[in-house]
Amino acid sequence: QEIYSLRERSALNVLWTADQYDIQLGDPRGISNYLSNISEGLNASPRINLSALRFTPSAASLSEKDIIISLPSPSPFFLSIRNLALSATPLGSPLFNGVDLLHVTTWGASYSPLLLSRRLRGVEIVATVHDIGNALHPDLYQYGMLERSTLLGSLRQLARAGSAIIAVSESTKRDLIHHIGISEDRVFVVHEGVDSLFRPVDYEDARDFLRENYGVKNDYALY
């Protein structure tokens, strides 16, 4: 809504990346659930026309039009090649035709080529950044300093060329401002939803459940 006022438009044509949904298809978790919720919420709006960019077909459709571009694997290399081809060659022209907004739902260096679509095709780009742990703690990741340098570089490109950035927490927003130098007014915190499984329960009922099912008799358990 900061980019487009729906009051002034009959509909908004949104293209969003759903690669992570396909990657986690056999083991749905965190980001996969995030994408499912985006799909459910945006598809429910009569004023948003949604298309999902994916790399493999599956039983579950995520939008009015799932766009499948098959890849040998969802590695950063192949994702980068696909995204570059879509943004800077005629291959992507039909895909971006009529698109108002591109939402990169899980930012990573392999999505940097999509930033070209703003300059070459006039598409506004919003990206969700879940965290920048690869840059802050490279010692904990497989490719260490390589992951750090590529992520930092891509985030600086996003800061220059992106329309807006969604951070899933105040902590991630602070990291982006402090470590990347992104202007505070271009980062919007949108917290991820909480599954209905997590809800207030009666304290005594919870203690009885833990005692009967797990033998926990103390006042706390360390997990």
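Colleague: Leucine 15 stands opposite leucine 102 in S4. What joins strand S1 to S4, and what makes two strands a pair?

Modeller: S1 (residues 12-17) and S4 run parallel, joined by three bridges. Two strands pair if DSSP finds at least two bridges between them, so S1 and S4 qualify. S4 also pairs with S5 in the parallel sense, over four bridges; there valine 104 has alanine 127 as its bridge partner. This is a predicted model: local features need pLDDT of at least 70 and side-chain atom pairs 80 or more, while totals for chains, interfaces and linings use all residues. Residues are numbered from 1 along each chain as its sequence is written, and side-chain values use heavy atoms, without hydrogens and water.

Colleague: How do you know that both faces of S4 are covered?

Modeller: Leu101 and His103 on one side, and Leu102 and Val104 on the other, are all buried (under 20% relative accessible area, 1.4 Å probe, protein chains only).

Colleague: Why are H7 and H8 called roughly perpendicular?

Modeller: Their axes (lines fitted to C-alpha atoms over the stretch in contact, with angles from 0 to 180 degrees between N-to-C directions) cross at roughly 95° and come within 11 Å. Angles of 65 to 115 degrees count as roughly perpendicular, so the term applies to H7 and H8. Leu152, Leu155 and Arg156 of H7 make the contact with Leu176, His179 and Ile180 of H8 (heavy atoms within 4.5 Å).

Colleague: Which residues touch the most other members of the largest nonpolar core?

Modeller: Trp107, Leu155 and Leu176, out of 33 residues. H7 gives the most to this core, with five residues. Such a core is a set of buried Ala, Val, Leu, Ile, Met, Phe, Trp, Tyr and Cys residues joined through side-chain atoms within 4.5 Å.

Notes:
Helices (H or I, at least four residues) and strands (E, at least two) are DSSP runs, numbered from the N terminus. Angles under 35 degrees count as roughly parallel, over 145 as roughly antiparallel, 65 to 115 as roughly perpendicular and the rest as oblique. Buried means under 20% relative accessible area, exposed over 50%, partly exposed in between (1.4 Å probe, protein chains only).
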